[in-house]
Amino acid sequence: FDFIEHAINDSIFPGAQVFISKGNKVLVNRGFGTLSHDIDSEKVTTNTIYDVASLTKVLSTIPVTMKFIEKKKLSLNYLISDFYPKYSAPNKKDISIRHLLTHTSGLKDYVEYYKFKNFNRKKIIKDIVGMPLEYKPDSNTIYSDLGMILMLDIIERVTGAKLDYLSNKYFYKPLGMKNTFFNPSKDITNRIAPTENDNYFRYKLLKGIVHDENAYLLEGVSGHAGLFSTAEDIGIYSKMLIDGGYHLGTRYFTKNMITQFTKRQNITKNSDYALGWDTPSQNGKSSAGDYFSKLSFGHLGFTGTSMWIDPENEIIVVLLTNRVYPTRNKENIKSKMYHFRRDFHNNVMKEILEF
């Protein structure tokens, strides 16, 4: 793991947490470096908690959606106009939940709602529903946080319960994911890695406060971001998926449901998305590297997090970092993180597969 130490020395991130398993064997579960660059900063351990950013999509929104599809309360073919009358417009009337989950709905990628005065959840949903489409649905793929914010609202309308409650009830509590939650309690702030010194919106160091601005406006719970977790907890969840939805005597999903959601959809040319999940890039330049099998699926998070699952080889690789600390504006940080992720996954997979 010299390359992790090199990345820390290169200030790509102050510390990292890694969970790697193959089959029933945990190969690595440990921390590297420190929570921050401060001289007296505590070391990262397996109990350090990270803001996992967009991993929220596949650790919360997607499994809850899958659960309610199995319960026949949701369907991929439900139209967005069933929930929002404004979606009855001619160019929007055929857009379904499937479009939101495959990033092919026509919605733009992101809106910086924190720059508008007094924006709250009601105003954000109203704005997303009313905004003109960027492209004709199914004609393009644009990764959109806005679609996942709509999914938050749709799930809560259909179930009458909050996304954080549903995630905890159906997954985190029964799976024993003790360090996975939205809006972590102040009692555990000392175990949470700081994300960024926010000097443009909240004007303080973000530690236990969600990094994503729109998730913050949504009171810390959103379909696109907001979750905090550990690599080990994400490893437990990933193992349940590899085992066909079964874990320690409890069935969470059917195997078919998992296959349906994690299979690349190929709706538009060069799109690597499954339903909510990402798959290793077809252009050979994936941050997952070159060795994950074609059935693999995973996701990245803006704060420097990633999870990749290879069901064919029964391999799980979870990497959590706070690469936006102390600021996202570090020189070439995005490019350096991309190259680090590629090298990291290539090194890990080569070692496991050769072994």
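The following questions and answers concern a predicted model and the terms used to describe it.

Author: In this predicted model, local features need pLDDT of at least 70 and side-chain atom pairs count only at pLDDT 80 or more, while totals for chains, interfaces and linings use all residues. Residues are numbered from 1 along each chain as its sequence is written, and side-chain values use heavy atoms, with hydrogens and water left out.

Reader: How many helices and strands does the protein have?

Author: The secondary structure comes to 10 helices and 12 strands. Helices (H or I, at least four residues) and strands (E, at least two) are DSSP runs, numbered from the N terminus.

Reader: What makes the protein as compact as a globular protein of that length?

Author: The radius of gyration, taken over C-alpha atoms, is set against the globule rule, 2.2 Å times the number of residues to the power 0.38. For 355 residues the rule gives 20 Å and the protein has 19 Å, which is close, so the protein is as compact as a globular protein of that length. Along its principal axes the C-alpha trace spans about 55 × 45 × 40 Å.

Reader: What share of the residues is buried?

Author: Buried residues make up 57% of the 355 residues. Buried means under 20% relative accessible area, exposed over 50%, and partly exposed in between (1.4 Å probe, protein chains only).

Reader: Why is α8 called largely enclosed by the rest of the structure?

Author: Of the 12 residues of α8, 10 are buried, so the helix is largely enclosed. Among them are A231, Y237 and I242. Just after α8, G244 takes a positive phi of about 70 degrees.

Reader: How do you know what span to expect of α8?

Author: The expected span of a helix is 1.5 Å times one less than its number of residues. Helix α8 (residues 231-242) has 12 residues and reaches 16 Å from its first C-alpha to its last, close to the expected 16 Å.

Reader: Which elements do the buried residues of α10 pack against?

Author: The buried residues of α10, including I333, F340 and I352, pack against α1 (2-9), β1 (15-22), β2 (25-33), β10 (297-301), β11 (305-310) and β12 (315-321). Contact means heavy atoms within 4.5 Å.

Reader: Is E351 buried or exposed?

Author: E351 lies in helix α10. Its relative accessibility is 61%, so E351 counts as exposed. The C-alpha atoms of E351 and K169 are separated by 37 Å, and the two residues are 182 apart along the chain.

Reader: What makes the phi of K72 worth a remark?

Author: Most residues other than glycine have a negative phi, and most peptide bonds are trans. K72 is not a glycine, yet has a positive phi of about 65 degrees. K72 is found in the loop between α2 (55-70) and α3 (97-102), and with a relative accessible area of 69% K72 is exposed.

Reader: What is the phi of E219?

Author: Phi of E219 is near 65 degrees, again positive in a residue other than glycine. E219 sits in the loop between α7 (213-217) and β7 (227-229), and its relative accessible area of 67% makes E219 exposed.

Reader: Which peptide bond is cis?

Author: The bond from Y325 to P326 is cis, with omega near -5 degrees. P326 is in the loop between β12 and α10.
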